[in-house]
Amino acid sequence: MTKMLTVNELKFMYRNKNVLNEIGFSIEQGQVIAVLGPNGVGKTTLLKCLNRILKPREGTVMLDEENLLDLDIMAIARRVGYVPQRVETGRLTAFDAVLLGRRPHIGWDVVPRDLAIVNAVFKKLGMEAFRLSFIDEMSGGELQKVAIARALVQEPRVLLLDEPTSNLDLKNQVDILTTIREVVRDHNIAAIMTMHDLNLALRFADIFIFIKNGKVHVHGSQDIITPLVIEEVYGLPVMIGELGGVRCVIPGACKIT
Amino acid sequence: MHTEDGIVPQDYLDYTRKKVFWIAGSLVLVLVLFVLAISVGAVAIPPVDVLQTLFGAGTSSKWDRIIWNIRLPQALAAIVAGTGLAVAGVAMQSILRNPLASPYTLGISSAGAFGAAVSIIVLGAGKIQSTVANPVTITNPYLTTIVAFFFCMLATAVILLISHFKGTSPEVMILTGVALSALFSAGVMFLQFFSSDTQLAAVVFWTFGDVGRSTWETLPFMAVVVAGATLYFLFNRWNYNAIDAGDETAQSIGVNVSRTRLVGMTVAALVSAVIVAMLGVIGFVGLVCPHMMRRLVGDDQRYLIPGSAVAGAVLLLASDTVARVIVAPYIRPVAVLTAFLGAPVFIYLLFRGYKR
């Protein structure tokens, strides 16, 4: 498998504080990557550095021979889709909200092809029923799907998702992550998502990146997730076991005094 | 990469057509009001004769003069100013992500009033003249306009400078505007304290915005500025839609949010400043016309910007016409009428909720 996206020596500073330091990893087509680590460690910052919502101090983000950080943001938007943690609503139909994702490809106005692409994504995500629903009347799960659809109509090579399952109930969490998996497989793209839930990450991601002190602490497939690594990163003892053939992580000693 | 089948959903097309229908309907209303506005007043001219005169086939030279010299520039000014204030308002509401944003909120109107007060009280541009139509006139309207415009732009410059150094966040811009608004209002009160009765009357008179102040000399300039600003906002409609979806989403689809915000604010402030300086303070149009249109066509800026422009023209034209009918032949407090007419309609629309 060829590497699709390679991040090298990425460094980000907020004022004079080092947030990210020498971040490096690479991913392949069809992979889903989970970026893990405690709150405030810079997971979201890392994601935003990849499509230059934030400007990294140093480093490169190579996507198929191109350094994304050298491109203007409109060009990046044609290559990388981003799903933020919070989705703003307004008096728009879901169709209009998703159509906005065509912005990087639109000249003066939308052409029929733009509408057809939006329509196709609605079909693909099984959202046809609420195509003309207003997003300010939608549930959190539906809204998250709208945000993913919006990123998909950008026709990206890489999808960035900032905690796609926060604020969702268990069924919606599984729904959304299943959708992401299918999309990555069907379009042969890659997805990088920040997550808090280790068990969901274990079920849905191929590669795991643990961030600690602004650096990649460890990264690799399932077998890097050990009680030792998790204690090092989160400072909490955990137990890892198998339940019905699935690996899961539960907190170890929870002492209530 | 997508398995698109080229199918454009018909129900979506029908849905957008409805919005176009609302805007086109409002446009027809503007035309009707335009003829009506010219036809009513101290001398009533039948609408048919208004049309004849406008197309150069007038039968009465008296009507000719009334229409070409007085009513036509006034009606056109109402359309231009209403459009300008409404598009400035809709752009500010989007850029600042605040439903209460308008040329008023950002202190631009107060700055204009302060400038007018300075010109009248400090520079002596105001005097009493007893005519029936205008109990108070400003003897040097050009000086007042120029000083008012200067202070409008000063307020804009302060907002932009602070945004430049402290980042273009909506909070910074709005709070700066509110502070400036309070500062200039206090300045007007301070000056009024030291003014004579005549000057005081002239300042108060100026602050009641009046589209009747426009002339054939000033109208083209205002029209060019408003047309330019409207085109600029239309050109940026996708960017404003993107900003409405959140700053991060906007950046992720390729919008330079800071620059869009900074340039958009400058254009909105400029168009407001030109209108305020020439016609005086006309509140409510910039705030409420966008919200009226939101109830009819939703928040999509593709339809909201042209819709608001038309709604602004309707409201100001209707207010000016009614003002002339009910208080003729005295001064025409169009600024008061915009709220009198607009508020009930707005409250009705709020009650009714969104158009589905």
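**View 1. A:Ile33 stands opposite A:Ile192 of β8 in chain A.** Welcome to a predicted model, in which local features need pLDDT of at least 70, side-chain atom pairs count only at pLDDT 80 or more, and totals for chains, interfaces and linings use all residues. Residues are numbered from 1 along each chain as its sequence is written, chains are lettered from A and ligands numbered from 1 in the order in which they are written, and side-chain values use heavy atoms, leaving out hydrogens and water. Here strand β3 (residues 32–36) and strand β8 (residues 190–194) of chain A run parallel, joined by 4 bridges. Strands (E, at least two residues) and helices (H or I, at least four) are DSSP runs, numbered from the N terminus. Helix α6 (residues 170–187) of chain A packs on the sheet, touching β3, β7 (158–162) and β8 of chain A, and its direction makes about 155 degrees with that of β8(A). Contact means heavy atoms within 4.5 Å; angles run from 0 to 180 degrees between N-to-C directions, with axes fitted to C-alpha atoms, for helices over the stretch in contact.

**View 2. Six strands of chain A make an open sheet with mixed pairing.** Their order is β6-β7-β8-β3-β9-β10. β6 (80–83) and β10 (215–220) of chain A each have a single partner strand, so one side of each is left without a neighbour in the sheet. From one strand to the next, the twist averages 20 degrees. Two strands pair if DSSP finds at least two bridges between them.

**View 3. Another open sheet in chain A has 4 strands with antiparallel pairing.** The order to follow is β2-β1-β4-β5, with β2 (17–28) and β5 (66–67) of chain A as the edge strands. Strand β1 (residues 3–14) of chain A is joined to β2(A) by 8 bridges, and A:Met13 stands opposite A:Asn18 in β2(A). Helix α1 (residues 43–50) of chain A lies across β1, β2 and β4 (58–63) of chain A, at about 65 degrees to β2(A).

**View 4. The largest pocket holds about 710 Å³ of space.** A pocket is an open set of points on a 1 Å grid over the protein atoms alone, with protein on both sides within 12 Å along at least five of seven lines; a cavity is a set where a 1.4 Å probe fits but cannot get out, and lining residues have an atom within 4 Å of a point. A volume is the space filled by probe spheres set on the points, which are joined across faces, edges and corners. Of the 20 lining residues, A:Ile53, A:Leu54, A:Lys55, B:Gln251 and B:Ser258 lie nearest the centre of the largest pocket.
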